Amino acid sequence: MFVVLVLSSSYTASLTSMLTVQQLQPTITDIHDLIEEGDYIGYQYGSFVTGLLRNMNFDTSKFRSYRTLKEYDVALSKGSRNGGVAAIVDELPYIRMFLSKYCRKYTMIGPIYQTSGFGFAFPKGSPLVADVSRAILRLKEDEEMERISRKWFKEGRCRGSDGATVNTKSLSADSFKGLFLVAGLSSSLALAIFVSKFVYENRCMLNSAASTKLKIHDLARAFYQKKDGSTISEESLSP
């Protein structure tokens, strides 16, 4: 029982550790680490990000362009040393879209570099300018932008209270198979030892000339008496 207690406690501790929310620890903590290590960097094909990277003194021979989120995933999985990249540098909306699909494998690190952003172009004197400006202002003032972000990026499913990307696991029947195995083996072993000892102590009943039904009856009576702590008298044994 002591061994079973130790094994059960160890298994419970391991299961608790497995279910604990874990934060993804990025291998790169700063964009300047990429320059020092000489790693390859990925970006979206046709993006202005290349100009930003050149201004930060990145080696253009280390640039690799990609067109889809799947290509991002493949490149990051390979790594810089195996034909992929060490990191992806892209505009924030596309990074959030990527993380909404692959948030359990990757995380976003700072800093975030401010650019001029997107804009709307209208002919001079267009009556739409005022209406569009007011609509954009309303989106920024109320919670509509936040609702749109939650709907399309769905980052809330993979983010912790501090904003870090997390990976959680849920319980299933397979989570307890180790505990059931330990309990089942220990109980079966204890039962086998008890039955073997009981049969050995009452082997005279099995060797008697009585019928099988009577032998079973006598073994049951012997078990009942053993359970109550009494002894079996010679008169109770069948001839």
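Let's start with burial. This is a predicted model, and of the protein's 239 residues, 23% count as buried. The protein exposes about 17,300 Å². Carbon and sulfur atoms supply 59% of that area.

Now the secondary structure. There are 10 helices and 5 strands. What about contacts along the chain? Take those between residues at least 6 apart in sequence: 60% of them join residues at least 24 apart.

Next, the sheet. In what order do its strands run? The order is S3-S2-S4. That makes 3 strands in an open sheet, with parallel pairing. At the edges sit strand S3, residues 63-66, and strand S4, residues 87-88. Each of these edge strands pairs on one side only. Look at strand S2, residues 41-44. S2 pairs with S3 in the parallel sense, over 4 bridges. Find Tyr 43, and opposite you will see Ser 65 in S3.

On to helix H4, residues 69-78. Which of its residues are buried? They are Tyr 72, Asp 73, Ala 75 and Leu 76. And what covers them? The cover includes S2, S3, S4 and H5. After H4 comes Gly 79. Its phi is positive, near 90°.

Now a charged residue, Glu 91. Where is it? Glu 91 lies in the loop between S4 and helix H5, residues 92-102. Glu 91 is buried, yet it has no salt bridge. How far away is the nearest side chain of opposite charge? That side chain is Arg 96, and it is 12 Å away. A salt bridge here needs a nitrogen and a carboxyl oxygen within 4 Å. What does Glu 91 touch, then? Leave out residues up to four places away in sequence, and the contacts are Ser 47, Phe 48, Val 49 and Phe 118.

Last stop, the surface. Here we find a nonpolar patch of about 480 Å². Its members are Leu 191, Phe 194, Val 195, Val 199, Leu 206 and Phe 223. Which helix gives the largest share? Helix H8, residues 177-201, with 4 residues. Val 195 is found in that helix, H8. Why does Val 195 count as partly exposed? Because its relative accessibility is 41%. Buried means under 20%, exposed means over 50%, and partly exposed is in between.

Methods: Residues numbered from 1 in each chain as written. Predicted model: local features only at pLDDT ≥ 70, side-chain atom pairs only at ≥ 80, totals over all residues. Heavy atoms only, no water. Patch = residues over 30% accessible without salt bridge, like charges linked within 9 Å, V, L, I, M, F, W, Y side chains within 5 Å. Areas by Shrake-Rupley, 256 points an atom, 1.4 Å probe, with all protein chains shown as cover. Helix = DSSP H or I, 4+ residues; strand = E, 2+ residues; numbered from the N terminus. Buried < 20%, exposed > 50% of the residue type's maximum accessible area, 1.4 Å probe, protein only. Pairing = 2+ DSSP bridges. Lys, Arg positive; Asp, Glu negative; His and termini not counted. Contact = heavy atoms within 4.5 Å.
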